[in-house]
Structures are given as C-alpha cells and as structure tokens.
Amino acid sequence: MHQSKLLIPTLKENPADADVISHRLMLRAGLIRQLASGLYTWLPLGLRVIRKVEAIVREELEKSGVQEVLMPVVQPAELWEETGRWAKMGAELCRLKDRHDRDFCLGPTHEEVITDLFRREIQSYRALPVNFYQIQTKFRDEVRPRFGVMRAREFTMKDAYSFHLDQECFDTTYREMYDCYTRILTRMDLDFRAVQADSGNIGGDNSHEFHVLARSGEDTIVFASAGDYAANLEKAKAAAPSARPEAGEDCKPVATPGVHTIDDLASFLKIDAKQTVKTLVVAGEEGPVALVLRGDDELNPIKAEKLAGVIAPLRMATDEEIKQHVGCAPGSIGPCNLELTTYVDSYAAALADFVCGANEDDVHLTGVNWERDVALDDAFVVDLRTVREGDPAPDGQGELKFLRGIEVGHIFQLDRVYSEPMNATVLDPDGKSLIPIMGCYGMGITRLVAAIIEQNHDDDGICWPEPLTPFDVHIVALNYAKSEPVREAADRLHEELSAKGFSVLLDDRGERPGVKFADADLIGLPHRITVGGRALKEGNVEYRRRTESDNRSVPLADVAGCLQS
C-alpha cells in the first residue's frame with residue numbers, strides 16, 4: 001500500500017481535548033476522527049487494527065464452539081417491556097419512534113433480543129448448551145463521554161450469550177469462556193489480569209473482569225503479592241483480622257464539643273483513628289440501617305448494597321432521618337444502645353477498648369468493648385470495608401497490591417433474569433417445561449484498540465504489538481519522487497515482501513526525511529526499512545525495530561530473510 005494513496009492525516013501537536021495517551025495518539029496517528037461528542041469515524045489505519053482484533057476474537061470463539069449471529073441495533077420496546085428494563089433503564093437508553101409511532105431503542109446490549117431468538121427457535125433440551133455471539137455496534141448515551149473511544153457513546157462490542165439446563169452445565173461453559181478470553185488477550189501480546197468481580201443485581205459468584213494493565217486505567221484491581229488471588233476493588237477482600245484482645249478499660253463518656261469527624265476525634269483525644277469506630281446510617285427497606293466500621297476504613301458501597309434490608313442503590317440517611325431515629329447529629333452516632341438493625345465490619349468487630357459516638361450530641365464513649373458494652377451477633381459481622389494496599393491477602397497469600405487496569409471484558413452468570421420473564425423454555429427429558437440458565441460474555445472491540453495503545457507506546461508514538469499492527473513493515477523511501485534508484489528499490493522491496501505474506505506500507509510521499517521518520521514513529525509499525533540513496537550505493541538499506549533505538553545496515557537482498565527470522 002502506498003502511503004500517498006492512503007488517508008493517514010497525522011498531527012504534529014497533541015489535541016487540546018484529548019486527556020489520555022490513547023486518545024491523543026489515535027488522533028495524531030490518524031486512526032480516528034471525532035464526528036460529535038462520543039462518536040468517532042474510524043479511518044483506514046484504525047479500521048485495519050479493528051479487523052485484526054476481530055479476527056483473533058472470532059478464531060478463538062469458534063474454537064470454543066460459539067456460533068456467530070448478527071442482531072439488529074434497533075430493538076422494539078416490547079422486548080424491553082417484557083423484562084421491565086424499558087422503565088428501569090435511565091437516560092443512557094436512546095429511545096426513538098418509527099413512522100407508525102411505535103417505540104424502539106438503539107441497543108446498548110442484546111439480552112432481550114437473543115432470548116427472543118432462543119424462545120422462537122429452540123424448544124428441546126437436546127439443543128443445550130448453546131452459545132451465540134456477535135460483533136456489533138452498541139449505543140449508550142453516556143452523560144459525559146470521555147477518554148476517546150474508551151468511553152464513547154457508540155462503540156463496537158463482542159457480546160455472547162449462552163443457555164444451559166443446569167448449574168453444572170453453565171459452569172463448564174463459563175470455564176471455557178474464561179479460557180477463551182485468556183487465549184484472546186494472550187495472542188494480542190497484552191499484559192492483563194482476570195479478576196473476581198461483582199455481578200451487580202444479578203448475584204451469583206460467577207463473575208470475572210479482564211483488565212489490560214495501564215497506568216491510565218479507570219479501575220483499580222487488587223491482587224495478592226504471593227498467590228493467585230485477584231479481584232476488582234469493589235469485590236476485593238482482605239484476610240480476616242486477628243482475634244480480638246481482652247477488654248482492658250472501663251467504658252466512660254467524654255465530652256467532645258465540636259467533634260464531628262474521625263480526624264477531629266483522633267486529634268481531640270490524641271489517639272490513632274484505628275482505635276475508633278464510625279457508625280454510618282443508610283436507607284433500609286424497613287427503616288434506617290446502621291453500618292459500623294473501624295474509624296480509618298472506608299465503606300465499600302457495593303458490599304453494603306448486598307446486605308439484607310439495605311436499599312440499592314445505596315443511599316445515606318438524611319440528617320433529619322438520623323435525628324428522628326437516633327436522637328443526635330451524624331457525628332455522634334455509635335453502636336451502644338442503638339435501636340437500629342446494625343451490621344459490623346469484621347475489622348471493627350476485632351477491636352477492644354475502642355472509642356465511638358454516644359448517640360448524644362458532642363459526647364463520645366471511650367473504652368468500649370463488644371459483648372460487655374454492646375451486643376455483637378456473629379450473623380451481622382460482615383465485610384464492609386474497601387481494602388487498602390498492604391492489607392493481608394486472603395489465605396495467607398502475602399499482601400494486597402494495587403494496579404490500574406482498563407476493563408476490556410466481563411463474563412458472568414445471568415441466571416434466569418431474562419429467560420424467566422420472557423418465557424424462554426425448553427422441554428426436559430420428561431417432557432416438562434424448563435427455564436434455562438443464561439450466561440453473558442462481553443468484550444469491547446474498539447475499547448481494546450485504545451487499551452492496546454495505552455500499554456504500547458513511547459514518547460514518539462504507538463508501538464504496535466505484531467499481532468495487531470495495521471501493517472507489518474513500513475518502507476520509508478527518501479527522495480522517492482526524484483531518485484530513480486530509490487524508487488525502483490523501494491517498489492521492488494514492496495512487491496517482494498508483499499509476495500512473501502507481509503503487509504507493507506510504502507511511504508512514497510514527497511516529504512522531508514524528518515517528517516517521514518516522525519510519522520513512522522507516530523504510526524508505530526513494528527519494522528521500518530529506510531531506503532536512501534547513500535546506502536543503496538553499497539547495496540544496503542537501514543533496518544530498525546520500532547521498540548529499539550538503533551538502526552542497522554542490512555543488504556537489500558537480505559531484507560525478507562531478516563524480517564522472517
């Protein structure tokens with residue numbers, strides 16, 4: 001491919017509105033152009049990368065026996081009304097009407113559509129398990145699109161959905177999809193982690209996110225320094241705290257005027273915040289619910305939402321609600337004599353002689369101990385805290401470490417959330433109607449391109465991994481238009497390498513050498529061959545690998561062999 005014939009509009013300067021490396025480099029290297037907020041046109045170089053990503057994804061899914069389908073982007077409201085999501089979905093769901101005034105939406109996902117296909121076409125248990133996937137456009141009307149294609153409104157996604165007779169059948173497919181995702185990202189030469197994740201409102205323990213590691217990642221992933229434990233921050237837990245010490249102090253009230261925060265309390269009493277507990281009050285199904293944590297810990301809202309009686313999404317009680325049910329302002333709440341349903345984090349439950357609010361304004365209690373001063377029901381001792389780096393990892397696997405990651409895939413169990421309300425059933429061996437368990441497996445195709453760049457770049461531009469590069473080789477021909485020897489050698493080399501199976505980009509533009517080299521580094525193809533008049537007089541060209549800093553001289557006749565080796 002001649003570069004002069006290909007639309008690659010490179011930019012010298014970083015665009016002002018691009019916040020992350022991938023967005024800047026995708027614009028500068030001419031991979032994308034923005035049409036509107038969160039909407040991008042993919043130019044030839046970028047589209048070639050997308051096709052490479054899709055090819056790897058398709059090959060591995062087909063090895064796993066997943067069948068490809070293609071479902072409509074535009075979906076009728078009737079399907080979403082069957083599952084209740086037409087009313088539940090917020091402003092991210094882009095709704096529209098056709099000329100007959102019928103309601104439709106632009107699909108942000110395809111659970112309803114695939115379940116409708118299943119119930120129409122599959123009636124017998126003999127067809128299960130079955131797993132379908134598509135690579136399709138999605139639209140989610142993000143309130144604030146950002147980070148280029150990493151959080152766009154329109155994007156390309158691989159989504160797969162499986163149907164199963166029972167849990168054992170689902171677990172087998174889940175493991176195969178986990179292994180399939182691992183193979184996909186390994187083939188892309190990416191540094192990634194699969195981590196335990198929260199399943200949201202669906203529930204269940206089958207849920208993993210796949211994160212490409214990058215300093216710019218939106219998500220924090222947690223892993224054990226000496227083991228295989230890994231989870232996202234929402235799901236992560238530390239090892240159980242050590243046994244609670246014996247009580248050594250008497251419980252006493254202390255006046256604490258103007259003390260409303262843990263930092264104020266620790267400073268006022270000259271103690272470590274670790275020796276205090278804080279009591280948060282949240283909205284519950286039958287009245288406010290109290291959550292008790294160690295003073296230096298932070299509440300994990302995802303864990304709190306899963307507690308029985310707690311309303312999701314989590315909502316903190318108002319000052320008026322607290323005053324009504326507790327009798328004091330928020331800064332003075334404590335677990336002693338608290339007439340609310342109370343959950344205690346296990347790290348708070350391991351304290352002795354701690355300080356807490358007295359449920360009286362401007363008063364705290366010191367020397368408080370569980371059992372003696374406040375009842376503690378083991379059934380209400382739970383994991384509520386957000387873990388911290390350096391916490392002991394579960395099962396003695398060292399310490400918890402943090403990394404930043406870009407989520408590119410998520411696999412999880414849907415259970416019967418869609419199959420049941422949509423009456424998607426099959427007949428079991430006894431001829432009885434059975435509602436199948438469903439699985440869901442998503443992978444962001446366009447987001448993967450951004451994640452690849454976030455992990456593979458330097459100060460000069462992109463450094464494409466070989467499996468994903470838009471072209472294998474970049475021939476930079478110096479003075480191509482004016483030097484017949486350079487033109488003949490570059491064209492002959494282009495033909496020779498193409499015939500041997502390499503994809504080749506030949507820079508035949510009439511630009512200065514400095515511009516060509518800067519663009520070559522920016523575009524970031526793995527191998528660069530410079531054809532110049534001076535070296536050609538000795539029968540040589542210059543070869544440089546993108547990830548190396550030095551050029552080396554290679555005989556023109558040996559270039560193909562050099563690249564093949």
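**Helix packing and overall form**

A: H1 and H11 are roughly perpendicular to each other (angles under 35 degrees count as roughly parallel, over 145 as roughly antiparallel, 65 to 115 as roughly perpendicular and the rest as oblique). This is a predicted model, in which local features need pLDDT of at least 70, side-chain atom pairs count only at pLDDT 80 or more, and totals for chains, interfaces and linings use all residues. Residues are numbered from 1 along each chain as its sequence is written, and side-chain values use heavy atoms, with hydrogens and water left out.

Q: At what angle do the axes of H1 and H11 cross?

A: The axes of H1 (residues 21–28) and H11 (residues 445–455) cross at roughly 100° and come within 8 Å. Axes are lines fitted to C-alpha atoms, for helices over the stretch in contact, and angles run from 0 to 180 degrees between N-to-C directions. Helices (H or I, at least four residues) and strands (E, at least two) are DSSP runs, numbered from the N terminus.

Q: Which residues in H1 and H11 meet?

A: Ile-21, Ser-22, Leu-25 and Met-26 in H1 meet Val-449, Ala-450, Ile-453 and Glu-454 in H11, where contact means heavy atoms within 4.5 Å.

Q: Next, H2 and H6: how do their axes cross?

A: Helix H2 (residues 44–63) and helix H6 (residues 167–187) have axes that cross at roughly 150° and come within 9 Å. H2 is therefore roughly antiparallel to H6.

Q: Turning to the whole chain, how many helices and strands are there?

A: The chain has 15 helices and 30 strands. Its C-alpha atoms fill a box of roughly 95 × 65 × 45 Å, taken along the principal axes.

Q: What share of the residues is buried?

A: Of the 565 residues, 52% count as buried (buried means under 20% relative accessible area, exposed over 50%, partly exposed in between, with a 1.4 Å probe and protein chains only). Among contacts in the chain with a separation of 6 or more, 68% come from residues 24 or more positions apart.

Q: And Val-310, is that buried or exposed?

A: Val-310 counts as buried, at 4% relative accessibility. Its place is in the loop between helix H8 (301–305) and helix H9 (319–325).

Q: What is Val-310 in contact with?

A: Leaving aside neighbours within four places in sequence, Val-310 is in contact with Val-282, Ala-283, Gly-284, Glu-285, Val-289, Ala-304 and Glu-305.
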